[in-house]
Amino acid sequence: MEIYVSQIEGRVPVTRLRLVGDFVEQEPIVNVAQKELDSGATHILLDLTNVPFISSMGLRAIYAIYEKLEKNLGSEQSKLHEGIANGTYKSPHLKLLNPSKNSLKALTVGGFDMFLEILDDEAKVKTAF
Amino acid sequence: MEKRLLFTAVTLNHLAQMRQFIEQSGKALGAHPEIVADSIVAVNEATTNIIIHGYGEQLGDIEIVVKAKNDVFSVILFDNAPLFDPTHTLPPDLTVHPMLRKPGGLGILMMQEFVDHLEYLRTPDGKNKLIFTKGGSHAI
């Protein structure tokens, strides 16, 4: 899997991590995300446009990045739990772009669509964060 | 009817070829494309786990057998990694919100959710045998 990092300027600066290849490993992408967080990244877009498949290791990687972001930014726990309870919570800091049909199956089975916004159009990225 | 292919010294770079073999075999055997597509998601999870966790730093082989008969589609994996029965792993509790679940179990969930039946056997010569079946009465 190859990982490319770029920045998107919108309402907030967004760090785009573009993955190319099967998303079946955890460590490489989590390490890259950690490096970006250490450099001050607060909003991350995982661009899955060129990812044919996501395995459970990929799902764990996405969850690890989500946890690191929320921990770094100290998300308000009461609002978070309220959102989870009423089913309206979506992470304001991590979003996914263009998963393939098969990747979407994995994300849905893992329940990731319940707390991560999945964008299907690059034009929506700037306003989504 | 069946198709069979041995992949030697497998790495994660072989995953796409394995998926392609299953897809093309399913098509050649007349299986429904959606059934084949779902089965590939489940098998891809298993082959990934065999390569990463089963063989680890070693290079090993995976043999894939694809069968189709009377609307029943099966994929069988054979590998020489240390014996491991993934069907004994507990899947996550889906009644709990994903953010509040205990970690683990996603792999077996991925394998079970996309097929109708998942069975593990140890072959007489000491290999892992994993059978994914979808459609019909789950038996060929």
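**Entry 1**

I began with Leu46(A) and looked up its contacts, leaving aside neighbours within four places in sequence: they are Leu17(A), Leu19(A), Ile62(A), Leu96(A) and Leu97(A). Here two residues are in contact if their C-beta atoms, placed from the backbone, lie within 7 Å.

A note on my source: this is a predicted model, in which local features need pLDDT of at least 70 and side-chain atom pairs count only at pLDDT 80 or more, while totals for chains, interfaces and linings use all residues. Residues are numbered from 1 along each chain as its sequence is written, and chains are lettered from A and ligands numbered from 1 in the order in which they are written.

Next I asked which residues have the most contacts inside the largest nonpolar core. They are Ile44(A), Leu46(A) and Ala42(B), in a core of 63 residues. Such a core is a set of buried Ala, Val, Leu, Ile, Met, Phe, Trp, Tyr and Cys residues joined through C-beta atoms within 7 Å. A residue is buried if 20 or more other C-beta atoms lie within 10 Å of its own, exposed if 12 or fewer, and partly exposed in between. H2(B) gives the most to this core, with 9 residues. Helices (H or I, at least four residues) and strands (E, at least two) are DSSP runs, numbered from the N terminus.

I found Lys95(A) in strand S4 (residues 94–97) of chain A. Is Lys95(A) buried or exposed? I counted 21 other C-beta atoms within 10 Å, so Lys95(A) is buried. Beyond four places in sequence, Lys95(A) is in contact with Leu45(A), Leu116(A), Glu117(A), Leu119(A), Ala128(A) and Phe129(A). I also checked one pair: Lys95(A) and Leu119(A) are 24 residues apart in sequence, and their C-alpha atoms are 7.4 Å apart in space.

Ser103(A) sits in helix H4 (residues 101–109) of chain A. Ser103(A) is buried too, because 24 other C-beta atoms lie within 10 Å. Leaving aside neighbours within four places, I see Ser103(A) in contact with Leu48(A), Val51(A), Phe53(A) and Ile54(A). Ser103(A) and Asn86(A) are 17 residues apart in sequence and 26 Å apart from C-alpha to C-alpha.

**Entry 1: H1 and H2 of chain A**

I then turned to helix H1 (residues 27–38) and helix H2 (residues 56–73) of chain A, which pack at an angle of about 15° with their axes 9 Å apart. That angle makes H1(A) roughly parallel to H2(A). Angles under 35 degrees count as roughly parallel, over 145 as roughly antiparallel, 65 to 115 as roughly perpendicular and the rest as oblique. Axes are lines fitted to C-alpha atoms, for helices over the stretch in contact, and angles run from 0 to 180 degrees between N-to-C directions.

From H1(A), the residues Ile29(A), Val30(A), Ala33(A), Gln34(A) and Leu37(A) meet Ala61(A), Ala64(A), Ile65(A), Lys68(A), Leu69(A) and Asn72(A) of H2(A). I sorted this contact by class into 8 nonpolar, 2 polar and 1 charged residues. Ala, Val, Leu, Ile, Met, Phe, Trp, Tyr, Cys and Pro count as nonpolar, Asp, Glu, Lys and Arg as charged, and the others, Gly among them, as polar.

**Entry 2: where the chains meet**

How many residues does the contact take from each chain? I noted 17 residues from chain B and 19 residues from chain A. On the chain B side, helix H1 (15–28), helix H2 (33–55) and helix H3 (106–113) each supply at least two residues. That side of chain B divides into 11 nonpolar, 4 polar and 2 charged residues.

One helix pair joins the two chains here: the axes of H2(A) and H3(B) come within 8 Å and cross at roughly 130°. H2(A) and H3(B) are therefore oblique to each other. I see Ser56(A), Leu59(A) and Arg60(A) meeting Leu106(B), Gly107(B) and Met110(B).

**Entry 3: a loop in chain B**

Last, I visited the loop between strand S2 (62–69) and strand S3 (72–79) of chain B, where Asn70(B) is found. Phi of Asn70(B) is near 50°, a positive value in a residue other than glycine. Most residues other than glycine have a negative phi. Asp71(B) is found in the loop between S2 and S3 as well, and has a positive phi of about 65°. I counted 9 C-beta neighbours inside 10 Å for Asn70(B), so Asn70(B) is exposed. Asp71(B) has 13 other C-beta atoms within 10 Å and is therefore partly exposed.
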